[in-house]
Protein chains: 2
Amino acid sequence: MVAERLDGKACAAEVESSLVPRIMALKSKGVEPHLAVIIVGEDPASKVYVTAKQTGCERLGIKSTKYSLPADVGKEELITLIQTLNADINVHGILIQSPLPSVMDEIGLTELVEPNKDVDGFHPHNLGRLVQGRTDGLLPCTPSGIIRMLEWAGVKLAGARAVVIGRSRIVGIPLSLMLAARGYDATVSIVHSKTEDIDSICRDADVLVAAVGRPGLVKADWVKQGAVVIDVGVNRVLDSNKEKGWSLAGDVDPGVSENASLLSPVPGGVGPMTIAMLMTNTVFAAEQY
Amino acid sequence: MVAERLDGKACAAEVESSLVPRIMALKSKGVEPHLAVIIVGEDPASKVYVTAKQTGCERLGIKSTKYSLPADVGKEELITLIQTLNADINVHGILIQSPLPSVMDEIGLTELVEPNKDVDGFHPHNLGRLVQGRTDGLLPCTPSGIIRMLEWAGVKLAGARAVVIGRSRIVGIPLSLMLAARGYDATVSIVHSKTEDIDSICRDADVLVAAVGRPGLVKADWVKQGAVVIDVGVNRVLDSNKEKGWSLAGDVDPGVSENASLLSPVPGGVGPMTIAMLMTNTVFAAEQY
């Protein structure tokens with residue numbers, strides 16, 4: 001078997017297209033969906049992400065405003081900005097680009113964003129709804145993008161064994177909750193760095209998601225014949241063949257395509273879906289306003 | 001092998017004892033920990049639970065006040081009561097006894113309770129902290145009681161395979177998150193009514209928790225030799241030998257004790273732990289005030 005490519009880019013394009021009439025309906029009511037993006041410091045990867053998000057907005061006619069703050073910005077100034085954006089009726093979504101400089105309390109700052117403008121879906125109030133089994137609000141973008149992509153590809157989730165490698169608050173845990181929720185109904189196992197026999201647990205998976213940030217962690221013999229594999233890892237690895245000296249690698253070894261039936265690659269898989277779901281959340285937030 | 005009894009009552013007594021000096025310290029600062037319990041309607045099981053909770057308070061010198069409202073109480077009246085208790089600086093914990101009459105929006109009402117007085121740990125804000133891997137706040141009482149009981153009995157959780165049967169917002173999901181969190185580090189599988197081969201997945205478990213409300217669901221051959229089994233089910237089953245016509249049965253068949261090494265029974269296991277953790281949350285809430 002050679003895995004088919006799970007084309008996140010194509011799925012993302014469909015998701016974005018479906019937003020166009022909703023954006024037009026909003027504008028015809030005088031509402032221009034508006035995303036505010038806060039970036040602190042000069043992290044190069046953060047800049048790339050922010051540009052991709054603003055380009056997504058432009059593509060769809062969503063207004064976006066970038067607030068670039070220096071790495072040594074005072075906490076008070078950052079808090080004041082968040083509060084101002086919370087209070088601004090013309091701003092529907094607020095996003096604080098991760099990572100923040102390490103001295104800052106990223107989770108604490110996230111909690112200052114109004115839950116109904118939290119288009120990243122990271123506020124505890126929005127995460128807590130997932131624990132209640134409610135998947136109808138502002139959902140974290142990467143996990144909801146993965147689910148959307150699986151549905152788009154016709155992957156059966158109900159009753160399927162799903163194994164999620166990684167327990168981050170951004171991907172692994174919220175994705176596990178969504179997969180296990182009523183309506184999706186997968187049987188979910190959460191595995192992580194302390195798991196014993198991780199390869200044998202992974203071999204039980206019909207749907208295997210790797211979200212840990214360890215290049216090439218998942219090998220071919222971890223994957224059952226015919227399994228669907230989603231690679232969420234975005235790792236920079238040394239690559240002397242590239243002028244810049246590195247290339248991107250996922251958490252999944254390319255050899256996995258021998259066993260998997262469908263494989264979402266890095267890049268071109270989960271990345272575009274994350275942007276598409278951010279756009280979806282921004283439109284949703286504007287509609288609720 | 002005949003399973004040893006995991007004595008929730010003994011563990012709960014220790015937990016409660018450990019609260020006594022904290023309660024005395026609060027009182028010496030002029031703070032009397034105070035739990036407000038709201039009960040709506042005449043559900044007999046609810047009355048039993050509320051009495052048990054108030055008795056727990058009495059035992060420890062925690063003040064409790066019961067607000068009994070008729071089943072047909074207006075929504076506005078209920079909301080006003082919650083808001084009054086939220087604003088009352090002499091009330092540290094607020095609990096709305098479940099189940100509410102079916103016409104009422106139980107989750108919506110829970111969200112009106114101030115998160116820092118939410119001693120049930122059911123507010124999305126408190127549940128969301130679990131998704132972030134934070135286990136230091138107001139945690140749902142039954143899951144945190146189970147974890148406490150497992151630690152008390154010296155059960156190794158790090159790297160252990162834990163299988164949680166049931167995906168309720170009250171027990172199954174928050175317990176799964178706690179078990180998977182850093183510091184506990186179990187490998188967790190969440191199984192439910194849509195799971196295929198549930199018995200074979202359960203046989204992988206070092207720690208097996210049944211929280212679905214189906215009497216006798218878990219049979220001896222679902223349990224690996226030496227596994228630790230926690231029964232959360234509280235089911236009324238017809239019993240002509242009893243004057244009242246019924247008796248309590250858990251989700252775990254008594255025959256499981258042939259295979260398990262430790263078994264938390266119903267009654268006498270998780271029940272007392274739930275009360276002890278409610279007391280713990282109330283003291284914690286008073287300390288944060």
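1. Asp185(B) sits in the loop between helix H7 (172-180) and strand E6 (187-191) of chain B. Helices (H or I, at least four residues) and strands (E, at least two) are DSSP runs, numbered from the N terminus. Asp185(B) is not a glycine, yet its phi is positive, at about 65 degrees. Its relative accessible area is 8%, so Asp185(B) is buried. Buried means under 20% relative accessible area, exposed over 50%, and partly exposed in between (1.4 Å probe, protein chains only).

2. This is a predicted model: local features need pLDDT of at least 70, side-chain atom pairs count only at pLDDT 80 or more, and totals for chains, interfaces and linings use all residues. Residues are numbered from 1 along each chain as its sequence is written, chains are lettered from A and ligands numbered from 1 in the order in which they are written, and side-chain values use heavy atoms, with hydrogens and water left out.

3. Which residue does Asp185(B) meet in a salt bridge? The partner is Arg167(A), at 2.8 Å from N to O. Asp185(B) lies in the loop between H7 and E6 of chain B, and Arg167(A) in the loop between strand E5 (161-165) and helix H7 (172-180) of chain A, so the pair joins two chains. Both Asp185(B) and Arg167(A) are buried. A salt bridge here is a side-chain nitrogen of Lys or Arg within 4 Å of a carboxyl oxygen of Asp or Glu. That rule gives 24 salt bridges over all chains.

4. Two salt bridges in chain A deserve a look. Lys47(A) pairs with Glu42(A) at 2.5 Å, N to O. Lys47(A) is partly exposed, at 39% relative accessible area, while Glu42(A) is exposed, at 58%. Arg5(A) bridges to Asp7(A), with the closest N and O atoms 3.9 Å apart. Asp7(A) has 25% relative accessibility and counts as partly exposed.

5. Asp197(A) also has a positive phi, about 55 degrees, and is not a glycine. Asp197(A) lies in the loop between strand E6 (187-191) and helix H8 (198-202) of chain A. Asp197(A) counts as exposed, at 56% relative accessibility. Most residues other than glycine have a negative phi, and most peptide bonds are trans.

6. Check the cis peptide bonds in chain B. One runs from Ser98(B) to Pro99(B), with omega near 0 degrees. Pro99(B) is in the loop between strand E4 (93-96) and helix H4 (106-110) of chain B. Another cis bond joins Val266(B) and Pro267(B), with omega about -5 degrees. Pro267(B) falls in the loop between strand E11 (262-264) and H9 of chain B.

7. Now helix packing. Helix H6 (residues 141-152) of chain B packs against H7(B) at about 40 degrees, with axes 8 Å apart. That makes H6(B) oblique to H7(B). Their crossing is right-handed. Helix H2 (residues 44-60) and helix H9 (residues 270-288) of chain B pack at about 55 degrees, with axes 10 Å apart. H2(B) and H9(B) are therefore oblique to each other. The H2(B)–H9(B) crossing is right-handed.

8. Conventions for point 7. Axes are lines fitted to C-alpha atoms, for helices over the stretch in contact, and angles run from 0 to 180 degrees between N-to-C directions. Under 35 degrees counts as roughly parallel, over 145 as roughly antiparallel, 65 to 115 as roughly perpendicular, and the rest as oblique. A crossing is left-handed if the near helix is turned anticlockwise from the far one by less than a right angle, and right-handed if clockwise.
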